[in-house]
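Here is a short briefing on one protein model. Look at the structure first, then read the points below.

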Amino acid sequence: MNRLRRLETFARAGWCARGFVYCLLAYFALTSANASDASPQGVFRAVKEMSGGPYLLALLAIGLVLYGAYRLYGAALDSEGKGDEAKGIAIRIGYAASGIAHFILAWAAVRLASGDTAGGNGEQEQAAAGMLLDMPMGGTLLGAIGLCFLAAAAHQATKAWTTEFMDGVAADAPAWVVPVGRAGLSARAVVFAVIGVSLVRAGWFGSAGEVKGLGDALSALTEHAELYLLVAAGLFLFGIHSFVEAKWRRIRDEDVIARLKAAAR
């Protein structure tokens, strides 16, 4: 049971951190003259400039680490009961990838808090892609990662369409969490799709300069003002959806308890 309580603490702290990042990111996208400021690195830079910024960044990094740990733990233990079939394994791999991604975000926040500068405008993503392309079969792997992003985009869109995300939300959650979740997941699906296409084009048809991070993915939509505003607003709602999960997501259910007890034997 102590393990379950730790899992719940990790998850809820992590959802709060993720919600903060997405809400601030969307705020920058809607108010900044430069859409590429709407990136995790842009959020971290803005937090650092606040009063007590380094300490706030450290707290944000802790939340991101806890969420990453929750996702990795859930992927290994199957705490959400996705199963060992092909679809379940694919979802659990996605959870593991999410965990690693949040560890990387936390490390970027720690670096900035300690005084190191972090590249923006997609520089880090393009540099990493360039290194991967220099490796044997690197282009094939980069394109495959792009396909994973496209699959994740499809999964997010499916959850938004079917309201599957409500399966894990407590019954006493207010009715407004449904449209907020649908809008947030839809916006995230669009951004993931843009990133996925950029990775496929870089790996199989182009160069590392094609690779887009989150800020660049938003920037790519600015030529379509209505879509850009809808996606930016949707990302803000995804941040709200993260706070909803922090408060109303069910974690202490009987099937999770049974799996944790079985794993402890």
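**Helix packing**

Helix H2 (residues 40-48) packs against helix H4 (residues 86-113) at an angle of about 35°, and their axes lie 10 Å apart. Axes are lines fitted to C-alpha atoms, for helices over the stretch in contact, and angles run from 0 to 180 degrees between N-to-C directions. Helices are DSSP runs (H or I, at least four residues), numbered from the N terminus. The model is predicted: local features need pLDDT of at least 70, side-chain atom pairs count only at pLDDT 80 or more, and totals for chains, interfaces and linings use all residues. Residues are numbered from 1 along each chain as its sequence is written, and side-chain values use heavy atoms, leaving out hydrogens and water.

**The H2–H4 contact**

- From H2, the contact (heavy atoms within 4.5 Å) uses Pro40, Phe44, Arg45 and Lys48.
- From H4, Leu105, Ala108, Ala109 and Leu112 take part.
- Six of the contact residues are nonpolar, none is polar and two are charged. Here Ala, Val, Leu, Ile, Met, Phe, Trp, Tyr, Cys and Pro count as nonpolar, Asp, Glu, Lys and Arg as charged, and the others, Gly among them, as polar.

**Salt bridges**

- The structure has four salt bridges, each a side-chain nitrogen of Lys or Arg within 4 Å of a carboxyl oxygen of Asp or Glu.
- Glu8 forms one with Arg12, and their closest N and O atoms are 3.1 Å apart.
- Both residues, Glu8 and Arg12, sit in helix H1 (residues 2-31), four residues apart, about one turn of the helix.

Note on methods
Helix = DSSP H or I, 4+ residues; strand = E, 2+ residues; numbered from the N terminus.
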